[in-house]
Each structure stands twice: as structure tokens, then as C-alpha cells.
Amino acid sequence: MTDVTDVTDVLAPPAPGTGLDELPDLHRSPDAAGHGPQDGHAGHGHDEHGPTGILKWLTSTDHKVIGMSYMITSIVMFYFAGIMALFIRLQLSSPHSSLLTFGQYNELFTMHGSLMLYLFAGPFAFGGLANYVVPLQIGAPDMAFPRLNALSYWLYLTGSITMMMGFGVAGGAASFGWVAYAPLSSATSSPGIGGDVWIMALVLTGFSAIFTGVNLVATIFYLRAPGMTMFRMPIFTWNMLVTGILILIAFPVLTSGLIMLFCDRHFGTHIFTVGGCHLVTGAVTQTCGSPLLWQNLFWFFGHPEVYILALPFFGIVTEVLPVFSRKPVFGYKGMVFATMAIAALSTGVWAHHMFTTGAVLLPFFSFLSLLIAVPTGIKFFNWIGTMWHGQLIFTTPMLFSIGFLLAFLMGGVTGIMLASPPIDFATHDTYFVVAHFHQVLVGTAVFAGFAGFYYWYPKMFGRLLNDTLGKWHFWLLFVGFWVTFMPQYVVGLKGMPRRVASYPSNLGWQSYNVVSTIGAFIIAFSFGIMLWNLWAAWRKPVPAGDNPWDAHTLEWFTTSPPPHHNYTHLPPIRSERPTWDYNHPDSVAVPHGLAAEAAHRARQKEPVA
Amino acid sequence: MVGTALLLAGCKVPNFGEYPGATTQGKTENHLWQLFFIAGLVVGGFVLLLILWAVFRYRRKSEEMPKQTQYHTLMEITYTVVPILIVVGLFVFTVLAENNVDATPPDPGATITVHAFQWGWEFEYPGGPGSGCANPGSPTANQNDCVKVIGQTTQNPTMVIPTGTEVQINLNSLDVLHGFYVPQFNFSRYASPGYTTSFDFNALHTGDFRGQCTQLCGLYHSLMFFNVKAVTQSKFATWLHAQQALVKSHPSSVPKLPSGVSTGSSTNSSSNNQGGDLYGD
């Protein structure tokens, strides 16, 4: 398989004593595999002459360092937001709890949503995992614009700190919900600088996201290794490309909307407030602003954002399932087109968040919203087809991916219900919707997100996480997930609205809320186990080797962790699975089409036992 | 006729946790819910079984390399086309139900103007014959002559509606966004400043129903309750006439909005339209 005439090998001829002869051996002894970045042979490390320690981290433009910084910051934000969720659940475990005041409660759910959506789910995916993995998967030495990449991270960190500072300002943090609906977010209804701090934080992280989007798209278009055609890119990279494009469509709308909101709050504009109108008459004069405009702008960002938060995680699952089924992705091309279809449709469904305004064209937005189920369904069948007739190995990342499938299935089915306006009328802004989007978002950002975390952790640190602790994490999270959110569907159908700090005690809602609170604490406990796992891996390193999972894609060809510029040499790239092809030359994918498949079977003799 | 078929089919199936709907609109929604729930159960259950089958059947049992299948064209076409057909079917039923739920036929049996405010509700009915408030929502209405019910937070104002006839609600907000939600009617609608939105209820039977604000509207959002009382048409007429007579004989009995509720909007300009001209006090 060492086809030296192949163009891809021109990149870097094997250095004597290392590299090609050694790399395909997947079962190297741990001490041989556990070495640091490119021990010895490379010698071209910029690291050796540059700054060290914290200064190295502060000045780094290496996508791997930035990716890890992103990941650590976003996981810290995730834990903060999770602690807020526990307070919210404790408050709701009794009808008239005095644990929190109404004002504190409003601050907490606003910040819980803002942290989870703006500072965890997105940055964890496109700032953390994508930053780290995408250049590796396409055989690039770094992102296209390394300094812009560093700027993205520092803007994100600054924005995150700004957001958290909201708790320290007079009047408390923002308390108008993560959607900041006008005119509740106006200076009259929400005075105090908590709201301004929130806006500034999102402007900062918004620019950070836009820059990352630019970087991802440019990297994937221009820095692919020779042989890495578009249709040989791993699905994760494909999804990050589409995510990057969606970021460029969606985030500028949010950022400009936020600036308009800031002008409304401070410069006397009336873009989102109905200034000087006599509302009782129902007549709207031309000088009026429109609260509805905020909803339109916000959701024109917000719905693509939902897919910005989903596509990367679909990508993770599509990496994990084939590896632990020991098969290629089923329906690779269909998967790519399904991703594009989801992205295209996602820009035309924003008003399904506004069905109950009475001011949107219901059939149009309903049909497009229902239609999104089709490409999403295709992905489901691709995932199932990938496992079908496979040899499934239930490692921690695999369990998390299967957890994602089940969670997202439930969230998806209730999503189809909510795409129908009459059903939305009945359930809008109730706990039914809360349960729906938590099942979707926990399914993607948490189940799939931590599938990716467990999956790529050995590549990032060169160490293995403990699989038993990982499985405990999974099973507790899985149980806690259903215990938390299933009662919320029921209590939502009974009419419990979201964002209430108290509720009548005579309606029988308390028992559902108590169960939900217990579930939330089970989830919290599972994430305690994850911390324990990380602690254990840090104290007692178990070397991982380059390719502990016998994985398919290019990033598993290099060392763990990879050297400064990722690769000294590359395998030939002739399919979506260059590392697999290199390690299993007898088990290449069956080609597409019936004739090709027959020819392939004829060419192959008896299967190698 | 599809709607009727759906209706008939709906009579025998459970409500799957939802209210059966105390209005014709709510009942229509409930039938659509039943359809979606069953469809979701069938499709979701099918996919769930496939996942579970794959997970349990294809556990790793040997070192044998699985066949590296990547495509199956016929299968791919099937699982693209069938979902499209299901979605189109669901869409047809959605539009049928939606047209029913959203319809506002002319000449309703009663018209009620609802203003939401932080944190309460105002329900306005027309005054009696010859009063200056034939239509509370119109700009020319003399607000002094309207029948009003106003209540804040825990006072739970009650909206009285007649059964068996179309009741048109004209809804807006005096300050921030609110949500007008009656769970047992399976219906909610935003009350927004800036425009008025209209919808109908056609109550099927008498009864008391709880209502609540669903859209976050500030500090006391959690306490913004109201009640809907559905009474027979004759009782409604009696009640309304008594209220109209009371307004005529004791104009001062017309309830006022709490001070501080702006009829303008939440603007940060010093507003001179605090509603004095509109509420006549």
C-alpha cells in the first residue's frame, strides 16, 4: 500500500526509522505509543525557540491550542449553566418556593439559556472540536487564518467573561430571556446595565463566531491535502463547512440586531418599540417601530442557529458510528446532500417560532418546517444503515452516539408536532416546548458533543479516558435525561407555561416537577463522574497510541497529540477513509452501484479471515 | 370531508395527555394532535425498533470483518420518498385544521377586546344601546361607556363568554409582549404592542377555565392569571345588560387601569400619551 508514485506521498517522504513502517501497526506497545509530539525526528518545531508555558498559550496561533482553549472554556460555561439549571429545578420542585426571588429566577433562566446556547453549544462545536479536528481531517497544517483564529478565541473568552459579569452589576444580570424579546428588552422595561452587558457579550462572541465561520470555510476550500477531494472529506468536515456557511448567513443578522437593540436602549431610536403610538386604537402610525421586527431578525438568526448547533454534532455521530461498527458511513453522498438540504431549509423556517403572533404566513412556514424532517430522517436511516450488519463495539463514544440517536428521535418527533401551527397554538411557550428543545439540544450538544469529546480526547492528549467511568457517565446521563424531560412534556400539555418561578399548587403539577428535578440531579451527578474521569486521566496517564479506535479518517494517521504542523507525511487519499484503507487494504468500501458492486465482488477472492 | 373523517376517527382515540378542547377550535386542534401523535408513534416507533435491532443484533461477536457496504440506491430512494409523502399528508391535515382554528367569520355572537399589560388583563365589552362604545376597539369609542373587567396578578379577572356562538377576541398589549393562553381551549396567541390580532372561540359547553400569560413579560410573569367563564347565551345577555346598565347609571364604576400602565408603549422617551385621552380620567 506504500504507493510512492501517488501524488499524496510527494508531500513528505518518510523519514528513516519513523513513519510509514511504524504507523500502520495499530497495536504498538503503550510506551512506544505514548510519546509526545514527534519525538526527535522532526526537529522543525517552532515551539523550541518560541515562548513556553503560559506565554506560549497566550501567543499561540496553533489551531490545536486554540481548539483546546475553546473546548475548556466552553465546558466551564457548560458547568456554570448546569449549576444554574439545578437552581431553576430546585425552585420549581415546590409550587411557591422561596429559594429564589422572581427577579433572581428570571436572571437565572436567562443566563442558563444564554450560556448554554451562545457560550457552550456553538463554541464547543465550531470553536473547539471543529478547530481542532477539521485541519487534521483534511491534512492541513493549520487553519487558513491562524491569527484570525486566535482573535476569535480571545473575543469569545472576553465575551464569556463579559456575560458572566452581568451577575455583578447593579440590578443584576439580564432577565429578559435568552431571546431578548422587544419591547421587554427595552430600557424602560429592563433598565439597568445587565441588559447592556448581555448585548455587548453577544456582540463580542458574535464576531468571534463570524471569524470562525470565515476561517472554517476558507480552510476547507483551500487547505485540503492532495487527493482530498470534496467527496472524500469526512462527514464531520462536510458538516462544519455547511455550518460555517450558515454562521455567515445567520450571525451577522444577530449582531446587527443587537446593535439596533443597543441603539433603542441608549440613543432614543424606536426600531423595536412602538414609540408615540396610540395602541388602544389599534392604529399604527408610520413613525412606529415594530416589536415584531425583533422577532423576525432574531429568529432569522435563531433558526439557522439551531442547525449551527445541530450539524456539527450530527457530524460527530457520523464519525463515531462507522468507526465502532467497523463499516463506512452508509449513504455518504446522500448524507452530504441531506446536510445541504437542512441548511437551505433552515433559512426559511424562522417564523415557526412566531406562529402565535398571528402575523406570519402559517402554511409556508409550516410546510418548510415539516419538510426539514425529510433530510433529518435520511440522516437517521444513514446512521442505522451504518450500524446494520456491522460489528458494533460499545465504547463510551459509541454509547453516547446511540444515546444521541434515541434522544434526538424523541426531540425530532415532537418537533414535527410543533411544526403544525394548531398544535403549536396549544403548546407554545409551555413546558411541552421546553421538553422538546431540551431533548433536541441535550441530544446534540450533550450526547453527541461528549461522544466527540470522548472520541477525540485520546488524539488531543495522547491519553485514554477510563472506559468504565465513561460508561457510568453515559448511563447516569441517559437515565437522568429521560427522568428530567419526559415529565415536562406531560406538565406542558396540562398547561404549565415556561419561565414561571411559581405555579398554582392545586393543579397537580408539583409531582411532575419533583421528578424532573430528581432527573436534573442525576444528570449533574453524571457530569461529576466525568470530572473524576478527567482527574484520573490527568493523574495516571494511560497512553493512547496514534489510533486507539482503529478509526477511518486522516487525523488518526498522525501522532497523538499531533506535532506542531500536524503531519510529516500522509497516506494516499483515495476514499473517505484514508487511514482505514492504509491499515486494511483488503477491506475497502464496496463501490457505489449494482454493476460496480458485482465487479468488486468478482475482483475480490475469498475474504481474508 | 377529510376533516369529518378525522373527526370521526378522533372520537374513539385517547387524547394522549392533551385537553379534549372546550371550543370547536380546540376540539379540531385536539383531533389534529391525535393524528400527529399516532403518526409520531408509528414512525418514531419504527425508527426506534430499527435502532434497537441494530444495537442488539449487530453487537460485535467475532473478529470477522463486516462487509463494507456503503450504498443501496433503492433503499435510499425509498427512505427519501416515503417521508416526503408522510410530510405532505401531515401538511394537508394541518392546513385543514388551521383554517378551522384560525377562521374569524363576520358577525360574531360577541366581541371582546382584550388588552394585556404588566401584569394583568383588561376585557372590554360594548356599552348598551345608544352608548358611545359600540365597539370598544375602535378609535372613536368613548371608553367611559364600555363595560370593562380589569384585574392584576392574583386578582384573576374573569372573561365572561357565551357558549354555542362565535366569540371574537381582539387582542393586543399595552406594554410588552404577553401570551393569552387558555389551556383547555388548546389555544394561545401573543398579545403584542403595535398591532391587534383577532381570533374566535366557539365554546362547546359552560364552565370555568383557567388562563395564564405564557410569554415572559417581566417580574410578575408567573402570576398573570385570568379566568374564562363560559355561560349560556341568555345568561351572558343578562350579565352584559346588567353591566351596561351599571356603566350608564354609575359611570364611576368603570374600572380603571392601574396607574403606571402606559397605553402608549414601552418607550424611553418622556411620553405624553399616558392614556388620559384614551381612558378619559
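Among contacts in chain A between residues at least 6 apart in sequence, what percentage join residues at least 24 apart? In this predicted model, the share of such contacts in chain A that link residues at least 24 apart is 82%. The secondary structure of chain A consists of 19 helices and zero strands, and of its 609 residues, 58% count as buried.

The domain assignment of chain A gives two entries, domain 1 covering residues 60-274 and domain 2 covering residues 310-544, and the C-alpha centres of domain 1 and domain 2 of chain A lie 19 Å apart. Between them, 39 residues of domain 1 of chain A are in contact with 38 residues of domain 2 of chain A. On the domain 1 side of this contact, two or more residues are given by each of helix 3 (63-92), helix 4 (102-137) and helix 7 (235-266) of chain A, and the largest share, twelve residues, comes from helix 4 of chain A. By residue class, the side of domain 1 of chain A that touches domain 2 of chain A divides into 29 nonpolar residues, nine polar residues and one charged residue.

The contact between the chains takes 89 residues from chain A and 78 residues from chain B. On the side of chain B that touches chain A, at least two residues each are supplied by helix 2 (24-57), helix 3 (73-102), strand 6 (178-182) and strand 7 (187-191) of chain B.

Note on methods:
Residues are numbered from 1 along each chain as its sequence is written. Chains are lettered from A and ligands numbered from 1 in the order in which they are written. This is a predicted model: local features need pLDDT of at least 70, side-chain atom pairs count only at pLDDT 80 or more; totals for chains, interfaces and linings use all residues. Two residues are in contact if their C-beta atoms, placed from the backbone, lie within 7 Å. Helices (H or I, at least four residues) and strands (E, at least two) are DSSP runs, numbered from the N terminus. A residue is buried if 20 or more other C-beta atoms lie within 10 Å of its own, exposed if 12 or fewer, and partly exposed in between; C-beta atoms are placed from the backbone. Domain bounds come from an automatic or database domain assignment. Ala, Val, Leu, Ile, Met, Phe, Trp, Tyr, Cys and Pro count as nonpolar, Asp, Glu, Lys and Arg as charged, and the others, Gly among them, as polar.
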